[in-house]
Amino acid sequence: MSLNFKPELYQQNWQNTKNAFKNLDVQQYVDEKVKLYEALLEFLENPDDNNDDFQNLITTIYQQQYEKEPEKLEHFFQLLISIANNHQSGKLFYKKIMQIIEYYEDQIDKNFTNIKIFDIFKSNKILLLFLLENGVITIDEIIKNEIMTKIESNGNKFCLFFYPEIKEILGNENDQIIKNELLNIDRKIFEYYEQKRHDGENDSYICNLIRHDLVDEFVSYVNQSNYSINSEVKPSIFETNSFLIENQNTTLIEYATFFGSIQIFHFLRMSGAKLTERLWLYAIHS
C-alpha cells in the first residue's frame, strides 16, 4: 500500500492551518480591544456617575490581564490619554478619568519609573497636574528640567503652568524669572491661579463668553471694545486642550465652532467673519 505522500500538499495544508490560527489570534486581539474601548467609552460618556459602568470597565481590564503586563498597561494609559486629549470634556469626564488613574495608582508606581510616568501623561496638563498633586509623580531634577525646557506649540512655557510644583527646587534666580513672567501676563495672576489651572481653559474674558455662548454679553463687549470679529484667540498658559494648543492662530469663529456656541457662531457669520476650511476641523472636534 502506497502512502502517496505529497510534500507540496502537506506544506499548503500546514500554511492554511497557520493562517487560520493567525487570523484567530488577530480576531481575538481585535475583539478584546473593541470590548475594552466600548467599556471605557461607556463609562466616560455616561452623563451620570454610574458605579456599574466603572466596575464593568475594571472587570474588562482584569480579564484582559492589563494589570499583569507593563506593556499592556502602558498601552491602556496611552489609549486613555488619547481619548482625554480628543474627546469633548467636562468636569465629570475628567473626574472619571482621574478615578481610573487613582484605581491603578499602585500598578503605575510599581511598573513605571518617575520619568516614564511623566512621559506617558505629559501631553495632558490636567492629568499631569493630578498626578503631581497626588504624589504619583515626584519632582526631581530630571522632571524639573523636562518642565523647564518644554515649550508648547503655541509658544507657552510648561513651567508657567507648573510653577508651584517646581518652585521649591528652582533656586532664587529662576524662581524670580518665572514669577516675573507670570506677573507680566497679569499683575493679578496669582489671585485665581490655582482655580484657572484646574479649569484648564483659556482664561480670557472673550473666550469665557464664547464657551458659554453668552451672545448678548459677547456682542456688547465686541462693540464697546471695537474688537475685530476676525480676531485670533490669544494663547493662554492655562489652556490644556491639545487641539487648541497645537492649532495656532485660532479665530473667534473657529473657537465658537469648537465649543458648539451656536448663537455666537451665527452672530459672527452674519457679521462677516471669515469662513475657512479649518472650520471643519474645529467642528469635528466639537
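**Entry one: Arg 211**

I looked up Arg 211 first. Arg 211 counts as buried, because its relative accessibility is 15% and buried means under 20% relative accessible area (exposed is over 50%, partly exposed in between, with a 1.4 Å probe and protein chains only). I noted that this is a predicted model, in which local features need pLDDT of at least 70, side-chain atom pairs count only at pLDDT 80 or more, and totals for chains, interfaces and linings use all residues. Residues are numbered from 1 along each chain as its sequence is written, and side-chain values use heavy atoms, with hydrogens and water left out.

Arg 211 sits in helix 13, residues 205–211. Helices are DSSP runs of H or I, at least four residues, numbered from the N terminus.

Which residues does Arg 211 touch, not counting those up to four places away in sequence? I found Glu 201, Asn 202, Tyr 255, Phe 259 and Ser 261. Contact here means heavy atoms within 4.5 Å.

Next I checked polar contacts (N or O atoms within 3.5 Å; within protein, one must be able to donate a hydrogen and the other to accept it, and residues adjacent in sequence count only if both atoms are side-chain atoms). The side chains of Arg 211 and Glu 201 make one of 3.3 Å. A polar atom of the Arg 211 side chain also lies 2.8 Å from the backbone oxygen of Asn 202.

**Entry two: salt bridges**

Side chains of opposite charge can pair when their charged atoms come close. A salt bridge is a side-chain nitrogen of Lys or Arg within 4 Å of a carboxyl oxygen of Asp or Glu. I found eleven salt bridges in the structure.

Arg 211 and Glu 201 form one of them, at 3.3 Å from N to O. This pair links distant parts of the chain, ten residues apart: Arg 211 is in helix 13, and Glu 201 is in the loop between helix 12 and helix 13. Glu 201 is partly exposed, at 32% relative accessible area.

Glu 254 and Arg 278 also meet in a salt bridge, at 2.8 Å from N to O. Their positions are 24 residues apart, with Glu 254 in helix 16 (252–258) and Arg 278 in the loop between helix 17 (262–270) and helix 18 (279–285). Is each partner buried or exposed, or in between? Glu 254 is buried at 2%, and Arg 278 is partly exposed at 27%.

A network came next: salt bridges that share partners join Glu 165, Glu 194 and Arg 197. In the bridge between Glu 194 and Arg 197, the closest N and O atoms are 3.0 Å apart. Both residues lie in helix 12, three residues apart, about one turn of the helix. Arg 197 is buried at 1%, while Glu 194 is partly exposed at 35%.

Rolling a probe the size of a water molecule over the atoms shows where empty space is left. On a 1 Å grid over the protein atoms alone, where a 1.4 Å probe fits, a pocket is an open set of points with protein on both sides within 12 Å along at least five of seven lines; lining residues have an atom within 4 Å of a point. Grid points are joined across faces, edges and corners, and a volume is the space filled by probe spheres set on the points.

The largest pocket has a volume of about 570 Å³. Of its 30 lining residues, Ser 89, Gly 90, Tyr 94, Asp 199 and Glu 201 are the closest to its centre.

Key. Helices (H or I, at least four residues) and strands (E, at least two) are DSSP runs, numbered from the N terminus.
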